[in-house]
Protein chains: 2
Amino acid sequence: MKRREFIKKAGAGAIAAGAAMGAAVPAIAAKPVIWKMVTTWPPHFPMLGEGADYIAQLVNEMSGGKFKINVYGAGELVPGLGVFDAVSQGTVEMGHGAAYYWAGKAPAAQFFAAVPFGFNAQSQNAWVASGGGMALWEEIYKPFNLKPYLGGNTGVQMGGWFNKEINSIEDLKGLKMRIPGLGGKVLAKAGGNAILVAGGEIYTNLDRGVIDATEWVGPYHDLKMGFYKVAKYYYYPGWHEPGTTLEAMVNLNAYEALSPEFKAILDTAIERTNSWMLAEFEAKNNDALNELITKHNVQLKKFPDDVLKQLKTYADEVLEEVAAGDPMSRKVLDSFKAFRAKIYEWNKITEEPYHQFKYI
Amino acid sequence: MKRREFIKKAGAGAIAAGAAMGAAVPAIAAKPVIWKMVTTWPPHFPMLGEGADYIAQLVNEMSGGKFKINVYGAGELVPGLGVFDAVSQGTVEMGHGAAYYWAGKAPAAQFFAAVPFGFNAQSQNAWVASGGGMALWEEIYKPFNLKPYLGGNTGVQMGGWFNKEINSIEDLKGLKMRIPGLGGKVLAKAGGNAILVAGGEIYTNLDRGVIDATEWVGPYHDLKMGFYKVAKYYYYPGWHEPGTTLEAMVNLNAYEALSPEFKAILDTAIERTNSWMLAEFEAKNNDALNELITKHNVQLKKFPDDVLKQLKTYADEVLEEVAAGDPMSRKVLDSFKAFRAKIYEWNKITEEPYHQFKYI
């Protein structure tokens, strides 16, 4: 039922309408909360848009249909990059996207999406949920009347599609690559041209030589995009996005108007989606990678160590530059670096030897 | 409100009671579902028992107090190792523990707790949630009238506390070590004695030389146990438990009696707890490790590679032996190995290079 229709019926005699449907529940209990969620994804986009759908589904199920969220793809209600403003201004109650899209409004937001040589999914979740990150993220979004959430994670992404081999840092000079955010700034330091191209236009641009290279997500998504038809080399690791966090955001007034149980239902639906998405990525990426290699003859390549080393140096510079220009970013970077030092020490004796088990 | 009191009040005139409390809600809507959850943990045991508490808290919040779960520590209602039977028989509706405790009843259950040289948390979640594992786990538990859930994860554990250095596989011969489950069987193949000791008795046994070594969880928990006072060497990695999964289990009849919204609320509360616990472990373990090393002079040591190699060979033998004796375990091991092959390939180009970023 659409909100408008509901209000009409409620006004005209909801009890009678309820009785006609065979329900004995009083009208006041049956009045649902109906929200709109706008997203930066094409409608029902695999895993990412599906994550937004999953949040809505869980909220609907848990509330017994009393709290409904209608999900809109990019452009259906507002443009993909209009999500932040629409939720901030209360045009809609909720959004789903990734925080690096809002770097122009709040530079510090980028740390909660993807940082070159930053955290993988597990460390990002630990930093945000249990290591002080969430308080900072809330501080960034509060002036915009927004409440942020960890709303999914892609895991470690791939490094991208190239039409030539990358054998030294020199090979990035003059390279026209589709790579957004902080990763793009790192490429620029290496003399490359970071070009912004919307998802739907990457293939054509790569095919026509408007760009020489592109990153996207990982094998599962990249296979669907057909990049293997127009680029030969598929590089790893995704140094620029080692654990990209998707975000859900909620208008603070809309949130405060919810009952305590609907707040808890919303919070918990989003948290479940955060882990669901990572499990999906981890379970499905390798099959797609195999198809790319065996069926489409893609050449899988690793960035040389000295290229990664130089990119990491540039990445550190980029992060310090962001922090120098914005006090909130300084605060977030300090927290990020302190947590990184700690989790690096811990992972040296846990995750790192774990990943060596396969060779012994 | 206790169930008995509630029934009394409901019988005697719940509407009047409700009115006296200033509530206008009809009695039928106010009748709560009240469950008991028994656990294998001491009451409110850090992170593990707190995870059980967190599930109950979330369910209470999301249902607006209409679905309450009372949590009991080991021995409060049934003994820790009586959880499986109590939930299976419907004495209580729900339990929280770890599936390797039920190896005597269902050997295949062990794969859903900890496998020597098995999965870390991320891969375990991917296998169970998105790689076919959950269907198998449900198949194992169905004859017991139980529904299983991923109910938390410790991350990669530590290898344990020793009073002598482990320089070769020979050093494990004759070693009396507290190590349960499949890890214990692996130690036995190396000539060691795997001894079962309840958590509360480990310290004294180690102090008195009844055992020479023990594993427990990780720095956060091991620090609280005070093992550093009676053992000198703290070994890593936890080859025997690289991503121990905690479990929630629900009696199937009790589950089926729930409304669709309470089913969804319960499912989602448990999923959120699963990721919450891992974030807590990852965020807190390193501080405790630092305290062990700097304040208590614990010597951190890595098992030599050739020791790990031999243990892995034994672990493979143990898994095949479990599978040879039980058709369900065979089925689970086949799924486990197929997923492991796939996720190993994927992690080679994602998580593994990620963990090398710190050195470049």
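A salt bridge here is a side-chain nitrogen of Lys or Arg within 4 Å of a carboxyl oxygen of Asp or Glu. With that in hand, select B:K342 and A:D287: they form a salt bridge across the two chains, and the closest N and O atoms are 3.2 Å apart.

Before going on, some housekeeping. This is a predicted model, where local features need pLDDT of at least 70, side-chain atom pairs count only at pLDDT 80 or more, and totals for chains, interfaces and linings use all residues. Residues are numbered from 1 along each chain as its sequence is written, chains are lettered from A and ligands numbered from 1 in the order in which they are written, and side-chain values use heavy atoms, with hydrogens and water left out.

**Stop 1: the interface**

Stay with the two chains and colour them separately. Between chain B and chain A the count is six salt bridges. The interface also has 26 residue pairs in polar contact, both residues at pLDDT 80 or more. (A polar contact is a pair of N or O atoms within 3.5 Å; within protein, one must be able to donate a hydrogen and the other to accept it, and residues adjacent in sequence count only if both atoms are side-chain atoms.)

Now select the side of chain B that touches chain A. Elements giving two or more residues to it include α3 (48-62), α5 (121-130), α12 (305-324) and α13 (327-348) of chain B. Which element gives the largest share? That's α11(B), with 19 residues. (Helices, H or I, of at least four residues and strands, E, of at least two are DSSP runs, numbered from the N terminus.) By class, this side of chain B has 34 nonpolar, 17 polar and 18 charged residues. (Ala, Val, Leu, Ile, Met, Phe, Trp, Tyr, Cys and Pro count as nonpolar, Asp, Glu, Lys and Arg as charged, and the others, Gly among them, as polar.)

For the totals, 69 residues of chain B are in contact (heavy atoms within 4.5 Å) with 69 residues of chain A. About 6300 Å² is buried between the chains, and carbon and sulfur atoms give 63% of that area. (Buried area is the accessible area, 1.4 Å probe, that two parts lose on being put together, summed over both.)

**Stop 2: strand β10 of chain A**

Select A:245-251, strand β10. Seven of its seven residues are buried, so the strand is largely enclosed by the rest of the structure.

β3 (94-97) of chain A pairs antiparallel with β10(A) over four bridges, and A:G97 has A:E247 as its bridge partner. β4 (146-153) of chain A also runs antiparallel to β10(A), joined by six bridges. Look for A:N153 opposite A:T245 there.

**Stop 3: the six-stranded sheet**

Staying in chain A, show the open sheet of six strands, ordered β7-β6-β8-β5-β9-β11 with mixed pairing. Its edge strands are β7 (193-195) and β11 (299-302), each pairing on one side only. Zoom in on β6 (176-178), which pairs with β7(A) in the parallel sense over three bridges. A:M177 stands opposite A:A194 in β7(A).

**Stop 4**

The whole structure has 38 salt bridges over all chains. A:K284 is partly exposed at 29% relative accessible area, whereas A:E280 is buried at 10%.

Then jump to chain B, where B:E138 and B:K147 form a salt bridge at 3.7 Å between the closest N and O atoms. Back in chain A, select A:E320, A:R330, A:D334 and A:K337 together to see a network of salt bridges.

**Last stop: one threonine**

Finish on B:T214, in strand β8 (213-214) of chain B. Buried or exposed? B:T214 is buried, at 0% relative accessibility. Residues touching B:T214, leaving out those up to four places away in sequence, include B:W161, B:M177, B:L206 and B:F227.

Conventions
Pairing = 2+ DSSP bridges. Buried < 20%, exposed > 50% of the residue type's maximum accessible area, 1.4 Å probe, protein only.
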